[in-house]
Amino acid sequence: MTVTYEYKQHLIEQQAKSEELMLEEFHQGHYTMEDPLIKVNPYLINPLAAVILFETEEETAITVRVKGKKKEQDFYHSFGRAKEHVLPIIGLYSDYENQIEIYPWQKYDEKVTVTIQTEAVKQDSLVESMETTPAYMQDNVLMMGPAISDLAMAVDSAGDVRMALTVPMAWDIKRQKNGNLIMGSERVIRMPYFVSGLYEFSPVGKIYREVRVPRGYHHDQVRLPNGDFLALSCDIENGTVEDQLLVIDGVTGHEKRHINYRNFIRPGASKSGSWSDEDWFHCNAVWYDENTHSITLSGRHINAMVNIDFDTEKLNWIISDPEGWPEEYHPYIFKPKGDKFEWPYEQHAVSITPLGDVMCFDNHHYGSPKKENYLAAKDSYSRGVKYRIDTDKMEIEQIWQYGKERGSEFFSPYICNTTYYNEGHYLIHSGGIAYDGEGNPSEDLGPFAALDDPNAKMEAITVEVANGKKELELRVASNYYRATKMPLYAKAGNNLSLGRGTIQGSLGITSQIDLDIPCEETGEDLPKSCEGRIVDEMDMFTFYAKFESGQMVLLVLEGEKETRRYFISTSKGKRGAMCTGTFLPEDDRDTRTAVSKEGLEGAYKVSVIVDDKKYQTGITIHA
């Protein structure tokens, strides 16, 4: 057969087996604080982490010091009383003999020092410079999620990488109240970047649960006060993407409600330079404001931040250049005041501050709603910006910005974020900077620039300012989706919870084509030149193959009771948005088609229609 088959275990299953072997080794030996069991990267996805295991005769709290290359980069954490100690160790250096001190609570003179040798990680070579002080950073790191092939990492005050993931978990990194982190999974259910859902995991690498998001998760999520998730998804039934918000039960992971943006914004009412029929809204951020019980959405492809009532889904207000909107929406658009006011264009990362101001990263891509006034990359800028709004008078005032003064050096046409710490204290992350092979600001988004030009240069610049003073600037030789400052060891939730993680929620049913396409039954295998392969998983399978541009290709599943057909796109060309190019293939003939097993029953023979001929794969999928 010319199509290969592989069954891939879910990361949660792989980690459960690895943990089981670690604990079995621990319980079969006699490990003490003086001679502990040390397992590097036992959860398979963070080689700069380890677990130290030992027993003590008495219940004892344990303090751990992960020694930095300088004392200012030390990480400390204390773990609660126990006789059996399974301690997650995070913040190790790459390719280094890390020194770890362990001692009983308040008994530093009884310390034991162990050495943990780590492997080299690619992320270590990406950091260009870090300008800050240990006094400012304290025990924090900057965590960054990927936007191209370079994966997530965390950087300390000296610019050293202290966490590096080896699987392409994507989108923002957020800390939960229990101390765990949340990111998008690496399981793509629809190209170019819609993934199966959210991973809740420990910085040591253990995934405690996957919350699956029907129809594909992208960009952003927030937790509501009751613990439910607001997660961004797609209105697949209407053939569109990035235009649906889901309310997902925070305990069970099941969808409770969905909000379609076309119910309050007419598709095509406003169009940014990156607009398309399919991706007409391109929601890249969501924010819940408890004070007004409202939701604010960032629509990149309508050049607007949109606020709606949580219960009624009625439109409250819009922050956008009114020149790009028909008159029917003007009553919802604020009127600017002040001399230094500028509208945002193709913005990201909307948030509401504790004082009610609206912040975002204004990418300022194109810089106008009118095509004849679009700005070239060399003439563009990006910035963090904060607006003060008056919803009674429907007036808006720009009260702070950072980045315009840096010109094209700080220009990111996609991704990025701002973070509010306090009045006058902000993070501004310009993560999508790209230059062509001649050193000019690229007109392409980073993922496309990197594919088209081997000499293209990617960069991300992260800045923190406090009361007008720059306290931090990190430069990285790659594009990174967002940056977030936080301690590696959280104040709560650092004890390792043992046992298999859970998989919750639903992927939804993959859209299919209802028409029976006439074709010739060749009885032959799919041509070897297609390099076909199927990767099967518990809840989905993915078909990989090479096809030429413009070929009509269908993936066909034939069961005893039904036949299902799935369209495989072979059209080439660049999307107006590519907020994470992490999953893009280097060869544009490569296709990747994922099919959820939800709605399937029994066994299905897999075949492929290419143009007007039907080929066999010899593979049967079981649901």
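A residue counts as buried when its relative accessible area is under 20%. Keep that cut-off in mind for this tour of a predicted model.

**Whole chain**

Start with everything selected. The chain holds three helices and 42 strands. Its radius of gyration is 25 Å, close to the 25 Å that the globule rule gives for 623 residues, so the chain is as compact as a globular protein of that length.

Now colour by burial. Of the 623 residues, 60% are buried. Switch to the surface view. The accessible surface comes to about 25,200 Å², and carbon and sulfur atoms account for 46% of that. Contacts reach along the sequence too: among those between residues at least 6 apart, 61% join residues at least 24 apart.

**First stop: Lys206 and Glu19**

Select Lys206 and Glu19 and show their side chains. They form a salt bridge, with the closest N and O atoms 2.8 Å apart. What does this pair tie together? Lys206 sits in the loop between strand E14 (194–201) and strand E15 (207–217), while Glu19 belongs to helix H1 (residues 11–28), so the bridge ties together parts that are 187 residues apart in sequence. Lys206 and Glu19 are both buried.

**Next: Asp220 and Lys174**

Move to Asp220. Its side chain meets that of Lys174 in a salt bridge, 2.7 Å from N to O. Asp220 lies in the loop between E15 and strand E16 (221–223), and Lys174 lies in strand E11 (residues 170–175). The pair links distant parts of the chain, 46 residues apart. Is Asp220 buried or exposed? With a relative accessible area of 3%, Asp220 is buried.

**Then: Arg209 and Glu200**

Select Arg209 and Glu200. Their side chains meet in a salt bridge, at 2.8 Å from N to O. Arg209 has 11% relative accessibility, which is under 20%, so Arg209 counts as buried. Glu200, at 7%, counts as buried as well.

How many salt bridges does the model count? The count comes to 57.

**A sheet of four strands**

Find the open sheet with the order E10-E9-E8-E33; its pairing is antiparallel. Its edge strands are E10 (161–164) and E33 (480–487), each pairing on one side only. From one strand to the next, the twist averages 20 degrees.

Zoom in on strand E8 (residues 140–146) and strand E9 (residues 153–155). Three bridges join them, and the two run antiparallel. Pick Leu142: its bridge partner in E9 is Val155.

**A sheet of five strands**

Go to the last stop. This open sheet has the order E35-E42-E41-E38-E39, and its pairing is mixed. Which strands stand at the edges? They are E35 (520–525) and E39 (563–568). Each has a single partner strand, so one side of each is left without a neighbour in the sheet. Here the twist averages 30 degrees from one strand to the next.

Finish on strand E38 (residues 553–558). Six bridges join E38 to E39, and the two run antiparallel. Select Leu557 and look across to E39: Arg564 stands opposite.

Technical notes
Residues numbered from 1 in each chain as written. Predicted model: local features only at pLDDT ≥ 70, side-chain atom pairs only at ≥ 80, totals over all residues. Heavy atoms only, no water. Pairing = 2+ DSSP bridges. Axes fitted to C-alpha atoms, helices over the stretch in contact; angles between N-to-C directions. Rg over C-alpha atoms; globule rule 2.2 N^0.38 Å. Buried < 20%, exposed > 50% of the residue type's maximum accessible area, 1.4 Å probe, protein only. Contact = heavy atoms within 4.5 Å. Areas by Shrake-Rupley, 256 points an atom, 1.4 Å probe, with all protein chains shown as cover. Salt bridge = Lys/Arg side-chain N within 4 Å of Asp/Glu carboxyl O.
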